[in-house]
Every structure is written in structure tokens, then in C-alpha cells.
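Hi,

Here is the structure I promised to pass on. Have a look at it first, and then read my notes below.

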Amino acid sequence: MAFEDQRTTVYKINPERPESETLPTLRTEELLLNMGPQHPSTHGVLKVILELEGERLVKSTPVMGYLHRGVEKLAEDGTYHQFIPHTDRLDYVCAMYNNFAYCRAVEKLLNLQVPERAEYLRTIVAEVQRIIGHQFWLSAQALDIGAMTVFFYCFRDREILLDWFDELCGARLTTSWYRIGGVERDLTPSLIDKLKQFLNYFPPKIDEYQVFLEKNRIWLGRTKGVAVISAEDAVGFGLSGPVLRGSGVDYDLRKYEPYSAYPKCEFSVPVGKNGDTYDRYWIRVMELYESVKIIRQCLEQMQEGPIMADVPSVTLPPKERVFTNLESMIQQFKLFSQGFDAPPGEIYCGTEAHKGELGFYIVSTGGGKPYRLKIRAPSFVHMGAFDHMARGYMISDACTIFGTYDVVMGECDR
Amino acid sequence: MNPLLQRIQQTFSIGVAGLAEWRGDVAVTVSRDKLHEVAQFLHDDTGMDFDYIVHVSSVDWPDDEERFEVVWEFYSIRKRHRIRLKVRVPEADCVVDSLTDLWKGADFMEREVFDMMGIRFRNHPDLRRILMPDDYTEGYPLRKDFPLRGKGWRDTFDFLDEVPR
């Protein structure tokens, strides 16, 4: 009752005058709203200038570069080996896949064959990283639109894998485990046991995540039919990964430009229909099951063998030899101080990271340093479609649209 | 020779110097005035069908007469092949045609090239800096004459003498 009383007093400014004169004529104008750079759902420092008509988005202009560190410039100053730790800091949530994509690009430049066991190890770890990435996406995206429980469940399981990484290479996030020509160290029996345990433990947990979200009416309402993009537009914008496959375009480099041990594994590529956030969620969840399948097959097929290509002019010697053998120490020293002599030429090599196509374009003029290194970061390309995808939706959907890309600003701004 | 390259050579009579194939990557260098025409052909022709833009990049060759090189990379989702399209630009007249009318995704990518290398794109809808601040006046960071440690106001700093303990 008190509420209604207040309303009447506000509107009846001067009860004696006729109503038409007391009420000011309604004025409409577009409102500019800055979202970010300190907004929790922008996943880092991204600002978007939203032009609003009521609560509808008319136009949105992403303002990026808050995390720009000049990684491409830094690459020109260091040797090829020295750039690997920089790639960790691109997509800092999933460092392994960045290392992988970069090492593959350099190997393509050098025409270097990686031993078979190393290929399997690379595939296993890359798929573990994909699981971490999708878990992270699932939890963060649900959290952005208010579903908190799944966040805790995902992070509980992600923790197991991060500890596994810790045991593998001594770091949880900035891993630098891949090397040009192979990997840094082998899986120990304890690591293999732990991974096998996880593979048995994990699939029921995926079902659990699904129950949390797919029975949540609010979450469904905020993802179904939100941020729709047609297949034609998605291709034109250069979107990749689950965002592109959600629109029904079957494009997965693991299948169509097979690399590493992927051609030896059987797995399917889930493709969506409607191109909305829900389809992209579904694809990512299905990819979790596929990743488990791929890791299982790799563990079964993997044979004993070397984990580093034996090309002394390029690849690093094993660490124990560096400490005991003079020649290996000289080799290590020369590789890090001068680098190896890469042939002149230019290559582009794209790798299907969990966000999309992560590519490296390397121009070499010979010598130990790249002349130019361009990173094709999926997050950056996806932000280009933000305005197109956000038009006509409500302000609250902007969070969903950020979330749907799986943007990490370290990779977007480089 | 790669059938893609053969087709492009026949259609546009590009010299052999402009065609390259290395490590399985196919690249075509065209002159600036032909760029949009070739791009249109790559986009529309049914045999080419390059509907997917991969990246736009640029390379600085300070010693060459035409200093900058702009690089577009395309992929065809249906035909599953890739191509790289390259154009040389002199420093004095640093302008190329924008390809945003053919591939929408070129918008942000070309803005990044403008921001980092200072190459202008004709008919680009919104050519502004994207990663560096809008009021950044120290030049274009990825040019080879831009020092790694940056330039501008930092250059005026004096080196501090070692502080006595």
C-alpha cells in the first residue's frame, strides 16, 4: 500500500492543472553504456561500448588492447625455442594447446618429423587440455548468467587435471611442455595410472554437469535462441571451433587436415543446428566425451620409443645428458643463444584448439629468429562478430554473448 | 603446378614470379590494382569458392622498394583448400583495397594491420586503431624501424646512477 501511495504523489505534481500539461512529453534517445573494462563477465579487460534503445542493443563496439603486450614484436627478437614460454601467456587458461600449435608451425617450417610416441603424448596432453578448456568455459559461462553450482563442480574436476599437469611438467597453467621436435618429458607410470583413473571417473561427472544446466529453466531460457548466427555469416566472419560448428558448419582441422595422432583415433565431430548458445554448449559437452575417447585410444595404441626427434641441429638434447656430457651442453647452449638455422620461406599452420583455429604465420629469412610471426587468435576473430551477433538482444544477453565465444583476452590482445 | 595456381595464372596472366608453393602452402602475389578483382574471383568462382577468411597479416621489408607486404589467407570450407594472397605496397602510398565487402571478418583483421603496420585500407568501414590506444602517436609498433623497447616519452628518461647503499 505504501508503494502505491508513493507513486500517486510522484505523478500528481500539480493536481489543479490538466493532465496533458503536467506530464512532460516522452523523449527517446539512444543511451551509451560502457560495459567493462572491469566487468566480471568480460573475462579479463575488455570494454564494449553498447548503444542502447531501451534495453535492446542497437550497436556494440568492442574496445580491445588492454592486455596488449606486443607478443608478435617480442617473437622477432628471440629464437624459435625462446618463444615457447611466450605462447603460454596467450591463452593462459589452456597453455598446452598454444605450445602445441606453435611447435607444429615451426616443425612445418623446418619440415621436421616428430617420433610416433611423441605424437601420441602430444595428442593425449592436448586433449586433456581441451577438457580443461571446456570445463572452464562451461563453468564461467554458466556463472556469467547466474548458474553457480556447475562452476564448483567443474573446478573440482579441473583441479585434478591441473595437479596432473603439475606432476607432468611442474606447472599448472604456464606449462611449456611441448618442444620443437617432440615433448619435454615422458609420462611416468604414476601419471598414466592417474589419467586412467580420471578417465573412469570423468564421464559420469559430465552427465552431472548436464543435469545441472539442462534442468535449469532460467539457464535454458538465457541460452536457447540467444546469440544466433547463421552458417553463412559465421563462415564469412571467420569464426572457428565450437562457435562455427554450432551453426552447422562441419569444420574441424583435427578431422580435415589431420595432424599428430588424430588420424589414428576414432572420434566424431559434433555439429549443431541452430547456431545459438545452447548448441555451442551441447557441442562442447559432446567434445568432452570425445576427448575421453581419444585419450583412451591413444593410451592403448602408444608404443615405447623416443619422445624427441633426433636432429641435433634443431632439437634440444635430453636434460640428463646436458648435465653430464660436454657436447650436449654446448649443443644446448648454442641452440638457446643462437638458435637453429631455419630455411627462408613462409608457412601458415592452423591447429584446432578448443576455442577454434589457432594459427601461426611465420616468415623466415633464415637464421635463428623468425622475421615475422603472426598469431591468428580465435578470440580476436570471434570478437569481430560481436556486434553482428549482439544486435537486437537485451543488455543482459551481452554476458551470454561474451560467454559463448570463450574469449580469453590474453589471446585476443596478444 | 598446383591446379589452383594454374587456374589463377590462366585467368589473370600473372607471371610465374607471383606464384609460389612451399611446404604445401599455396601463395599468389598480385599487383595492387588487381587485388580486389582477384579476391572477387577467389570468393565467387565455383572452382575456387574461398568463403572462409583465416587471417590478414603484414610483413615489413625495409630494404625493398615496395616496403610492405599485406597477406590474406583464405580457406574453402566446401573444397577444403587454402590459398595465400599477397600484395606489395610502397611506403609513400600506403593504401590497398579493403576486402571487407567480400569477407566480413576482414574488418577487425585489417584494422589490426593498420594499427600495427600503418597500412591504410580503401573502403574500410571503420579504420581505427584496435589494439593500441586511439591517441597513440608513437608510430606503428610492428614496423622494423620501431625499437623493441618502444619509443616516445620513454626516450627522454635519464639512466639513473646506481644508488649508493
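In chain A, 70% of the contacts with a separation of 6 or more are between residues 24 or more positions apart; a contact here means that two C-beta atoms, placed from the backbone, lie within 7 Å. Bear in mind that this is a predicted model, where local features need pLDDT of at least 70 and side-chain atom pairs count only at pLDDT 80 or more, while totals for chains, interfaces and linings use all residues. Residues are numbered from 1 along each chain as its sequence is written, and chains are lettered from A and ligands numbered from 1 in the order in which they are written.

Chain A overall

Chain A has 19 helices and eight strands. Those are DSSP runs numbered from the N terminus, with helices being H or I of at least four residues and strands being E of at least two. Along the principal axes, the C-alpha atoms of chain A fill a box of roughly 100 × 45 × 40 Å. Of its 414 residues, 48% count as buried, where buried is 20 or more other C-beta atoms within 10 Å of a residue's own, exposed is 12 or fewer, and partly exposed is in between, with C-beta atoms placed from the backbone.

Take α6(A), residues 116-144, and α7(A) to start with: their axes come within 8 Å and cross at roughly 160 degrees. (Axes are lines fitted to C-alpha atoms, for helices over the stretch in contact, and angles run from 0 to 180 degrees between N-to-C directions.) The two are therefore roughly antiparallel; the cut-offs are under 35 degrees for roughly parallel, over 145 for roughly antiparallel, 65 to 115 for roughly perpendicular, and oblique for the rest. Their crossing is left-handed, i.e. the near helix is turned anticlockwise from the far one by less than a right angle (clockwise would be right-handed). The residues of this contact divide into twelve nonpolar, two polar and two charged. For these classes, Ala, Val, Leu, Ile, Met, Phe, Trp, Tyr, Cys and Pro are nonpolar, Asp, Glu, Lys and Arg are charged, and the others, Gly among them, are polar. On the α6(A) side you will find A:Ile131, A:Phe136 and A:Leu143, among others, and on the α7(A) side residues including A:Phe151 and A:Leu161.

Next, α7(A) (149-169) packs with α8(A) (189-214) at about 165 degrees, with the axes 10 Å apart. This pair is therefore roughly antiparallel too, and α7(A) passes α8(A) in a left-handed crossing. Among the residues that meet are A:Tyr153, A:Ile160 and A:Trp164 in α7(A), and A:Phe198, A:Phe202 and A:Tyr209 in α8(A). By class, the contact of α7(A) with α8(A) has 13 nonpolar, one polar and five charged residues.

Strands of chain A

β2(A), residues 47-53, and β3(A), residues 56-63, pair in the antiparallel sense over seven bridges; pairing requires DSSP to find at least two bridges between the strands. A:Val48 stands opposite A:Pro62 in β3(A). In the hairpin, two residues lie between the strands, and A:Gly54 takes a positive phi near 65 degrees.

There is also an open antiparallel sheet in the order β6-β7-β8. β6(A) (345-352) and β8(A) (372-376) each have a single partner strand, so one side of each is left without a neighbour in the sheet. Direction ignored, neighbouring strands here are turned by 10 degrees against each other on average. Eight bridges join β6(A) to β7(A), residues 357-364, and A:Ile347 stands opposite A:Ile362. Helix α5(A), residues 95-110, lies across β6(A) and β7(A), at about 145 degrees to β6(A).

Chain B and the contact

Chain B has an open five-stranded sheet with mixed pairing, ordered β1-β2-β5-β4-β3. β1(B) (19-22) and β3(B) stand at the edges, and neighbouring strands are turned by 20 degrees on average, direction ignored. Helix α1(B), residues 3-12, packs on the sheet, touching β1, β2 and β5 of chain B, and its direction makes about 15 degrees with that of β2(B). Helix α2(B), residues 35-44, touches β2, β4 and β5 of chain B, and makes about 170 degrees with β5(B).

Where do the chains meet? The contact takes 25 residues from chain B and 31 residues from chain A. On the chain B side, β3(B) gives the most, with six residues. That side has 14 nonpolar, three polar and eight charged residues.

Cheers
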